[in-house]
Amino acid sequence: MTAFDAVIFDWSGTLVHDPPLRERVAAAAARLGRPDSPETDRIRAALSRHENDPDITAAQRDADTSSAKYYAAEALHFDRAGLDDELAESLLHVDEDPAFRLLYPDVLPALRRLKELGCRTMVLSDIYFDIRPLLKEQPRLPAFGRRGLFLVENLVRE
């Protein structure tokens with residue numbers, strides 16, 4: 001059996017749920033007190049229709065390298081899709097809500113086992129914001145001591 005000194009994880013879609021667009025739209029609307037309705041599907045469809053717009057794809061190319069670039073790219077996308085300002089602002093920040101980005105059920109047992117084996121763990125992410133506060137907000141994470149388990153680096157795409 002091969003021994004490892006460390007294991008590196010991606011954050012979104014590996015450790016925490018990476019919600020599909022419809023779920024993001026519904027969550028953003030709920031944050032504003034708006035019910036999940038056929039409007040949610042209409043908005044998701046409008047966003048999907050515009051995702052290949054050349055201006056939007058150009059803006060999104062390096063959107064994960066800074067929050068300003070991410071917000072500008074998404075604001076363009078939301079504007080082209082016809083979102084109202086309030087919903088657009090809520091949708092911009094939905095991924096930053098710890099209640100929306102919960103750990104997958106198998107993460108804690110896997111991390112526990114790696115710790116037992118003496119492996120260090122690290123999370124690398126190219127997401128546009130600092131995820132350490134979200135990791136600290138995970139309800140079951142304190143068993144690992146919130147400091148020291150995760151080292152987070154935001155990678156800049158070349």
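Me: What share of the contacts with a separation of 6 or more comes from residues 24 or more positions apart?
Reply: In the protein chain, that share is 74%. Contact means heavy atoms within 4.5 Å. Note that the model is predicted: local features need pLDDT of at least 70, side-chain atom pairs count only at pLDDT 80 or more, and totals for chains, interfaces and linings use all residues. Residues are numbered from 1 along each chain as its sequence is written, and side-chain values use heavy atoms, with hydrogens and water left out.

Me: How many helices and strands are there?
Reply: Seven helices and three strands. Both are DSSP runs numbered from the N terminus: helices are H or I with at least four residues, strands are E with at least two. The pattern along the sequence is β-α-α-α-α-α-α-β-α-β.

Me: How much of the chain is buried?
Reply: 35% of its 158 residues. Buried means under 20% relative accessible area, exposed over 50%, and partly exposed in between (1.4 Å probe, protein chains only).

Me: Let's take α2. Which of its residues are buried?
Reply: Thr40, Ile43, Ala46 and Leu47. They cover an arc of only 130° around the axis, so they sit on the same side of α2. That arc is taken from the directions from the helix axis to the C-beta atoms.

Me: And which residues are exposed on the other side of α2?
Reply: Pro38 and Arg49.

Me: What do the buried ones pack against?
Reply: The buried residues of α2 pack against α1 (21-31), α4 (67-80) and α5 (85-93).

Me: What about the largest nonpolar core, how many residues has it?
Reply: 36. Such a core is a set of buried Ala, Val, Leu, Ile, Met, Phe, Trp, Tyr and Cys residues joined through side-chain atoms within 4.5 Å. Leu47 and Phe78 are among the residues with the most contacts inside it.

Me: What does Phe78 touch, leaving aside neighbours within four places in sequence?
Reply: Phe78 is in contact with Leu47, Leu83, Ala88, Leu91 and Leu92.

Me: New topic. How many aromatic pairs are there?
Reply: One. The ring centres of Tyr70 and Tyr71 are 5.8 Å apart and the planes are at 65°, so the pair is edge-to-face. Rings of Phe, Tyr and Trp (its six-membered ring) pair if their centres lie within 6.5 Å; planes under 30 degrees apart count as stacked, over 60 as edge-to-face and the rest as tilted.

Me: Is Tyr70 buried or exposed?
Reply: Tyr70 counts as buried, at 11% relative accessibility. Tyr71 is at 24%, so Tyr71 counts as partly exposed.
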